[in-house]
Amino acid sequence: VAHWDPVLGWVGSLKFIKQDEGYWVETCSEFTFNWGCSEDVSSRSIGNIPIQEEMYPEGFEYSKSSQQAFYFIEEAKVNGEELNDGAWIVAYNDNVVVGARQWSGAYTDIPFMGYDNTERTIGYGQAGDIPSFKVYYPSTGELVEMDATEVSTWSNNNVAFVEVLSATTQSVLPNDVVLDNAYPNPFNPSTRISFSVPNDMHVDLSIYNANGRMVEQLVNDVRQAGSYNVDWNAGMNASGVYFIKFNAEGDIHT
């Protein structure tokens with residue numbers, strides 16, 4: 001999806017998700033398009049090396065739908081600071097993830113998938129639904145709910161604009177070592193594990209199977225005082241019951 005801004009020029013994702021899919025362009029007046037690259041450039045860009053774009057961060061999977069809308073975010077800030085390039089904006093329809101895009105600056109376009117009468121898109125956008133957005137930081141696992149200026153309701157093939165996404169988070173330090181329940185549970189294939197430490201501590205967060213064998217170590221380092229989220233993708237493991245063991249310098253929770 002591309003949008004023309006008189007100051008910034010063409011903005012949006014401006015990438016081929018798959019070779020030969022092309023761009024969407026919305027315009028209010030007639031215009032002509034000219035492919036002006038040299039033969040060598042066009043051959044390298046299209047013929048041999050299709051540009052691939054990551055659709056979502058781990059733990060926020062969604063399916064592509066034939067019903068789609070896009071929301072251009074002009075500005076996004078948490079605690080008054082602009083997002084860094086590693087942050088993702090995740091779109092939700094109620095509590096269902098329906099789109100995501102890594103933040104790339106002004107007018108980042110967020111896809112919002114709609115219900116297209118298939119089982120895999122149940123809960124996705126339908127006419128009149130109002131999207132909500134959260135910011136996800138893969139480096140820390142933090143997920144921040146964002147407030148938005150006026151947001152257009154969803155409709156298929158709609159291209160809409162959101163002036164500002166913002167959030168203010170209050171840093172409240174925990175008083176105890178805490179291991180929260182995994183969510184969702186049951187899950188397939190990913191679940192999120194949350195924990196808190198009251199001081200800077202070395203933590204070990206590991207997954208064990210029913211036989212007591214460790215199948216994956218998710219965290220093994222020093223964490224500053226605070227709360228954290230870690231996603232576990234169990235897609236390479238057999239279905240069954242697993243145990244979480246959390247060790248914060250001898251304070252053990254299972």
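This is a predicted model: local features need pLDDT of at least 70, side-chain atom pairs count only at pLDDT 80 or more; totals for chains, interfaces and linings use all residues.
The protein contains 1 helix and 18 strands. Of its 254 residues, 38% are buried. The accessible surface is about 15000 Å², and carbon and sulfur atoms account for 46% of that area. When contacts between residues at least 6 apart in sequence are considered, 62% of them join residues at least 24 apart.

In soluble globular proteins, nonpolar side chains tend to be buried together. The largest nonpolar core here has 34 residues, and the members that touch the most others are Tyr-71, Ile-73, Leu-83, Ile-89, Phe-133 and Leu-165. Two or more residues of this core come from each of strand S3 (68-78), strand S5 (88-93), strand S6 (96-102), strand S7 (108-113), strand S8 (132-137) and strand S11 (159-167).

With residues up to four places away in sequence left out, the contacts of Tyr-71 include Thr-108, Asp-109, Ile-110 and Phe-112. Further contacts of Tyr-71 include Pro-131 and Phe-133, the run Val-151, Ser-152, Thr-153 and Trp-154, and also Ala-160 and Val-162.

Phe-72 is a residue of strand S3. Phe-72 counts as buried because its relative accessibility is 0%, and the cut-off for that class is under 20%. From Phe-72 to Val-162 the separation is 90 residues in sequence, but their C-alpha atoms are 6.0 Å apart in space.

Elsewhere, 3 strands form an open sheet in the order S12-S13-S16, with antiparallel pairing. Strand S12 (178-179) and strand S16 (226-233) are the edges; each has a single partner strand, so one side of each has no neighbour in the sheet. The pairing of S12 with strand S13 (residues 190-197) is antiparallel and runs over 2 bridges. In this pairing, Val-178 is opposite Ser-196 in S13.

The last stop is a loop residue. Is Thr-121, in terms of relative accessibility, buried or exposed? Thr-121 lies in the loop between S7 and S8. Thr-121 counts as buried because its relative accessibility is 0%. Apart from neighbours within four places in sequence, Thr-121 has contacts with Ser-65, Gly-114, Tyr-115 and Asp-116.

Notes:
Residues are numbered from 1 along each chain as its sequence is written. Side-chain values use heavy atoms; hydrogens and water are left out. A nonpolar core is a set of buried Ala, Val, Leu, Ile, Met, Phe, Trp, Tyr and Cys residues joined through side-chain atoms within 4.5 Å. Buried means under 20% relative accessible area, exposed over 50%, partly exposed in between (1.4 Å probe, protein chains only). Helices (H or I, at least four residues) and strands (E, at least two) are DSSP runs, numbered from the N terminus. Contact means heavy atoms within 4.5 Å. Accessible areas come from the Shrake-Rupley method with a 1.4 Å probe; for residues, only the protein chains shown count as cover. Two strands pair if DSSP finds at least two bridges between them.
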